[in-house]
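Let's work through some exercises on a protein model together. Keep the structure in view and try each task before reading its solution.

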Amino acid sequence: MVALTTISQDPPFARGLYPGAPVHGIDVEDWRLRGGVLLVAWQQRRAVACVGYLPLAQGRAEIKRLYVVPQLRGQGLAQRLLKLLLQHAAGTGVHTLLAET
């Protein structure tokens, strides 16, 4: 069983991912203030996967941080997370998600 939380529900987890100075240009507090979303998949109280988006402008957002622990890859978890992210985005008025490259 995998449970999900968002960055707004669990900011200490997000700070643990990116302690101190911004990593790859991401400041977790700024991310939250700008309406960023980070979905975290948990298994047995351990974070095992995540994906998020950061709103840009005019209904657009950039997908960030798609990651699945190696032991769970190939089981469709990333696909499930992306589907949930798309649903969340649509529910908040985001109609275009761009891939970070």
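Predicted model: local features only at pLDDT ≥ 70, side-chain atom pairs only at ≥ 80, totals over all residues.

Residues are numbered from 1 along each chain as its sequence is written, and side-chain values use heavy atoms, leaving out hydrogens and water.

**Exercise 1.** Find the residues with the most contacts inside the largest nonpolar core.

*Solution.* A nonpolar core is a set of buried Ala, Val, Leu, Ile, Met, Phe, Trp, Tyr and Cys residues joined through side-chain atoms within 4.5 Å. Buried means under 20% relative accessible area, exposed over 50%, and partly exposed in between (1.4 Å probe, protein chains only). The largest core holds 17 residues, and Tyr-53, Leu-77 and Leu-85 have the most contacts inside it.

**Exercise 2.** Work out which residues of H3 are buried and where they sit around its axis.

*Solution.* Helices (H or I, at least four residues) and strands (E, at least two) are DSSP runs, numbered from the N terminus. In H3, the buried residues are Leu-77, Leu-81, Leu-85 and Ala-89. Seen down the axis, they fall within an arc of 105° (taken from the directions from the helix axis to the C-beta atoms), so they line one face of the helix. On the other side, Gln-79, Lys-83, Ala-90 and Gly-91 are exposed.

**Exercise 3.** Describe Gln-44: what is its phi, and is it buried or exposed?

*Solution.* Gln-44 is not a glycine, yet its phi is positive, about 50°. Gln-44 lies in the loop between E2 and E3. With a relative accessible area of 76%, Gln-44 is exposed.
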